[in-house]
Amino acid sequence: MTFIPYSCQTIAEEDVEAVVAALRSEYLTQGPALPAFEAAFAARHQVAHACAVSNATAGLHIACLALGIGPGSLVWTSPNSFLASANCARYCGADVDFVDIDPHTRNMSVVALAEKLARADAAGRLPDLLIPVDFAGLPCDLREMRALADRYGFRILQDASHATGATYLDKPVGAQWADATVFSFHAVKIITTGEGGLVTTQDPVLARRLALLRSHGMTRDAADMERTPEGPWVYEQHSLGFNYRMTDIQAALGLSQLRRLDPLQQARIALADRYDALLADLPLLRPARGADRLSSWHLYAIEVDDSRTTVSRLALFNALRAAQIGVNVHYIPIHTQPYYARLGFRPGDFPHAERYYARALSIPLFPGMSEAQQARVVEVLRRTLEA
Ligand SMILES: *Cc1c(COP(=O)(O)O)cnc(C)c1O
């Protein structure tokens, strides 16, 4: 019995050829593949600017900095996310707080957000930045969040690490509503560059800041020089940047993967549709959908419906793992981590995220998954739940 992973990259022969061509070219980094990948990604996502970086965590970090986040700033994010959605604010010395999720979509609740903003306004400490997360690839309620951002005067950095290719109100995620949007190309994500990430924005000033922060805060562009150059060799440092560059080897892989984004996404949608049908009669909650948005289906996360079964999430997890099925749990609420507990957060602070986590299970979903593999996953779920 072969192991079925919860997620797995899809590498085609053309990806291998693209990487080999990059290796044989003059540039392993800072060559032509990087701007080509950025331009193609921006075109596909209907956005003016794309800044590729070494990983999405780096992208979140420099996007926070480019949006003016620093010591004394306040950043709000979703507790139901990967650690990086909150850590990026801490890198900048900012304070972090969370907004509870909508138990149906598992994304940040706009109702909870509006209530928390009203309280924060009364208390005189509004957030500077909101980092909503498109959990599992389902776009969050960006239009409503934008209305609140305009009313209360905060910026929006969308963590779309799960949502490459997802659409919201007829446009690709990253095209509008947020000030900047971050995507991840880690191996388990929708398209991959091994490690990698990218920030999109419609704002040319933000795009320029991101490009500088990605590479030491340094420019060689004559038009940008603050001083009269002593000679053509002069470079100037304008801000405290990092080395967060993506290599040309990675960008070549990303460009090749991006060309297959549509078929890769179609495969994910077909698998999600089949899971919805095959699991309909089991005591499980299936992922939400929305008529005005299309998920990229990074994850297929179910919840054990404890009002209809006494089988525990742990029992299901163990049964699936014993059957060589790579089930996983996304996410342990960030505020319950020891690091965040030391900052003062307590269990019970965000009850919907905690209740979701207590029952959640991500079952395998990746473009190369066969119907036979999917049937095996469903069979083990059924056998365990009906025992
Ligand atoms: C994967 C992920 C990240 C981090 O991405 P990397 O590219 O691994 O740094 C950030 N946020 C979310 C929601 C993620 O799933």
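Exposed means over 50% relative accessible area and buried means under 20%. These words are used in that sense in the legends below, which describe a predicted model.

**Figure 1. Arg 220 in the loop between strand 10 and strand 11.** Arg 220 is found in the loop that links strand 10 (218–219) and strand 11 (236–237). Its relative accessibility is 56%, so Arg 220 counts as exposed. Leaving aside neighbours within four places in sequence, the residues in contact with Arg 220 are Met 225, Trp 233, Val 234 and Tyr 235. Ala 160 is 60 residues from Arg 220 in sequence, and the two C-alpha atoms are 31 Å apart in space.

Figure 2. Strand 3 (residues 95–98) pairs with strand 2 in the parallel sense, over four bridges. Between the two strands the chain passes through helix 4 (residues 84–91), and this β-α-β crossover is right-handed. Strand 4 (residues 129–131) also runs parallel to strand 2 and is joined to it by three bridges. Thr 77 has a bridge partner in strand 3, Phe 98, and stands opposite Ile 131 in strand 4.

**Figure 3. Residues around the ligand.** There are 16 residues around the ligand, and those that come nearest are Thr 57, Asp 159, His 162, Ser 184 and Lys 189. An N or O atom in the side chain of Asp 159 is 2.8 Å from a nitrogen atom of the ligand. For Ser 184, a polar side-chain atom lies 2.8 Å from an oxygen atom of the ligand. The side chain of Lys 189 has an N or O atom 3.0 Å from an oxygen atom of the ligand.

Figure 4. Strand 8 spans residues 180–184, and five of its five residues are buried. On one side are Ala 180, Val 182 and Ser 184, and on the other are Thr 181 and Phe 183, so that both faces of the strand are covered. Strand 5 (residues 155–159) runs parallel to strand 8 and is joined to it by three bridges. Strand 9 (residues 197–201) runs antiparallel to strand 8, with four bridges between them. Val 182 is the bridge partner of Asp 159, and in strand 9 the bridge partner of Val 182 is Val 199. Two residues in this view, Asp 159 and Ser 184, are also among those that come nearest to the ligand.

**Figure 5. Glu 38 in helix 2.** Glu 38 has its place in helix 2 (residues 33–44). At 11% relative accessibility it counts as buried, because the cut-off for that word is under 20%. The side chain of Glu 38 reaches the backbone nitrogen of Ala 52 at 2.8 Å. Not counting residues up to four places away in sequence, Glu 38 touches Ala 50, Cys 51, Ala 52 and Arg 214.

Figure 6. Strand 14 (residues 300–304) and strand 15 are joined by four bridges and run antiparallel. Within this pair, Tyr 300 stands opposite Ile 363.

**Figure 7. Glu 303 and its two arginine contacts.** Glu 303 has its place in strand 14. Its relative accessibility is 4%, so Glu 303 counts as buried. The side chain of Glu 303 makes a polar contact of 2.9 Å with the side chain of Arg 106. A polar contact of 3.2 Å joins the side chain of Glu 303 to that of Arg 359. Not counting residues up to four places away in sequence, other residues that Glu 303 touches include Pro 103, Pro 283, Leu 284, Leu 285, Tyr 356 and Ala 360.

Definitions and conventions
Residues numbered from 1 in each chain as written. Predicted model: local features only at pLDDT ≥ 70, side-chain atom pairs only at ≥ 80, totals over all residues. Heavy atoms only, no water. Pairing = 2+ DSSP bridges. Right-handed = clockwise from strand over helix to strand, strands pointing away. Near = heavy atom within 4 Å. Polar contact = N/O pair within 3.5 Å; in protein donor to acceptor, adjacent residues only side chain to side chain. Buried < 20%, exposed > 50% of the residue type's maximum accessible area, 1.4 Å probe, protein only. Contact = heavy atoms within 4.5 Å.
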